[in-house]
Amino acid sequence: MAARVRKTATKLADGRDFFYFDDSEPYVSGEKTRRLDDPRPLQNRFAPVKDEDGNEKPVTGPTMRLDPLTGEWVVIATHRMNRTFLPPADANPLAPARPGAAYQDGEIPDTDYDVVVFENRFPSLMQIPGEPVEVSDLDGQSVWKVAPAAGRCEVICFGPDLNRNLVDMGPSRMRTVIEAWADRTRELERIEGIKQVFCFENHGEAIGVTLHHPHGQIYAYPYITPRTASMIRQARQYRENTGGDLFNDVLAAELRSGRRIVDESEHWVLYVPAASRWPIEMHLMPKRDVKALYELTDEEREELAHLYLRMLKAGNKFFEIEEGGQKTYLEIPYVMSWHQAPVGEERELMRLHMQLHSIQRAPGKLKYLGGSESGMGAWISDTTPEKIADRLREVYEK
């Protein structure tokens with residue numbers, strides 16, 4: 001990790017891991033430390049629980065079932081039905097503790113922070129100590145397979161202010177977020193049984209965000225996800241057919257064409273993919289073959305911090321609207337996904353890149369998945385990639 005960021009680890013009251021990533025003094029130098037204790041009266045998350053009859057039984061985690069028709073794992077995480085949903089600002093669990101107030105049931109012990117990462121209180125993936133990670137038959141039928149969803153889910157908060165988004169925080173804070181992504185990817189890949197690490201952000205209520213706070217998530221899966229498996233299959237087939245590297249050749253083709261390039265820097269290329277699906281879609285790829293975020297050099301990370309924010313700003317200027325008699329822009333809902341190489345032998349076929357998409361197809365209109373998309377996975381786009389790229393270049397700030 002770059003010397004400009006200091007990582008401090010602690011534990012929350014129920015035993016979950018918590019990390020401060022500080023980029024400001026006096027914390028980055030270590031002269032001062034954030035609050036490390038969590039006084040909440042929370043039970044250890046792995047402690048035995050009581051059943052309906054009052055008898056103690058071991059805690060159980062989420063499970064996953066293999067769909068025999070697709071070969072895809074489906075996670076069953078029923079406890080997430082009780083997770084926090086759109087709380088008021090004064091009860092937001094991602095906000096820092098209120099100075100001088102009795103400690104609320106929030107996740108941040110200190111009254112201020114730069115960037116923090118901690119294990120999700122309502123995870124869809126969780127490893128239970130001592131629980132065997134074995135695939136077994138569901139209902140005694142060999143056609144159905146079930147296994148513990150023995151992964152890990154973390155939350156990353158980009159800053160303490162509920163009213164500021166990542167795009168407003170500046171490249172210095174963005175760089176700290178990149179350092180946190182890289183650190184957590186490296187550490188999570190080292191956990192036994194983890195096959196893939198995914199850093200992502202859901203932004204906007206229309207996307208399904210349940211907490212109004214600038215934050216993202218980091219998932220460590222115990223299997224290779226369907227999207228990654230599909231890209232690896234394509235890359236393998238492309239290599240067998242042509243002898244080439246699929247990701248390298250796609251990037252080279254986009255650069256030769258230039259038609260959908262939004263920005264090109266020394267180390268990165270931002271473009272609209274030739275077969276984009278969404279009303280707004282951008283891919284961001286390093287020119288160098290990099291497998292994971294922690295492999296990026298200092299120069300690549302610094303450049304990324306600036307380019308990433310320009311990308312978000314362009315998305316937020318895509319739609320011009322009139323508000324109160326004044327012309328302004330519509331802040332788009334989006335999903336940002338970092339695609340990284342999985343752990344193991346398939347790693348060489350994958351390449352680090354980011355995909356951002358928005359379901360906003362016009363002011364006041366969202367793209368809903370119709371029968372063709374949701375029922376058959378056969379996509380129908382409402383616009384062309386070239387029109388998307390043209391509009392993004394119009395509003396992009398170099």
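**Aromatic pairs**

I began with the rings and found that F198, F200, Y219, Y221 and Y223 form one aromatic cluster. The model is predicted, so I kept local features at pLDDT of at least 70 and side-chain atom pairs at pLDDT 80 or more, while totals for chains, interfaces and linings use all residues. Residues are numbered from 1 along each chain as its sequence is written, and side-chain values use heavy atoms, with hydrogens and water left out.

I searched the whole structure and got 12 aromatic pairs. Rings of Phe, Tyr and Trp (its six-membered ring) pair if their centres lie within 6.5 Å; planes under 30 degrees apart are stacked, over 60 edge-to-face, and the rest tilted. W181 and W338 make an edge-to-face pair, 6.0 Å centre to centre with 65° between the planes. W181 is in helix α2 (residues 171-189) and W338 in strand β18 (residues 334-339), so this pair ties together parts 157 residues apart in sequence. Helices (H or I, at least four residues) and strands (E, at least two) are DSSP runs, numbered from the N terminus.

I then looked up burial: W181 has a relative accessible area of 1% and W338 one of 0%. Both are buried, a word I use for under 20% relative accessible area, with exposed over 50% and partly exposed in between (1.4 Å probe, protein chains only).

**Charges over rings**

The charged end of R34 sits over the ring of Y27, 3.6 Å from its centre. R277 lies over the face of W379, at 5.9 Å from the ring centre. The criterion is NZ of Lys or CZ of Arg within 6 Å of the ring centre and within 35 degrees of the ring normal.

**H215**

UniProt lists H215 under "active site" in an unreviewed entry; such annotations may be inferred rather than shown by experiment. I placed H215 in strand β12 (residues 215-221), and it is buried at 11%. Leaving aside neighbours within four places in sequence, H215 is in contact (heavy atoms within 4.5 Å) with residues including I156, C157 and E201.

**Nonpolar cores**

A nonpolar core is a set of buried Ala, Val, Leu, Ile, Met, Phe, Trp, Tyr and Cys residues joined through side-chain atoms within 4.5 Å. The largest has 58 residues, and those with the most contacts inside it are I156, M174, W181, Y308 and W338. Helix α5 (residues 298-315) gives the largest share of this core, 8 residues. I also noted a second, separate core of 12 residues, which includes L251, M285, A341 and L349.
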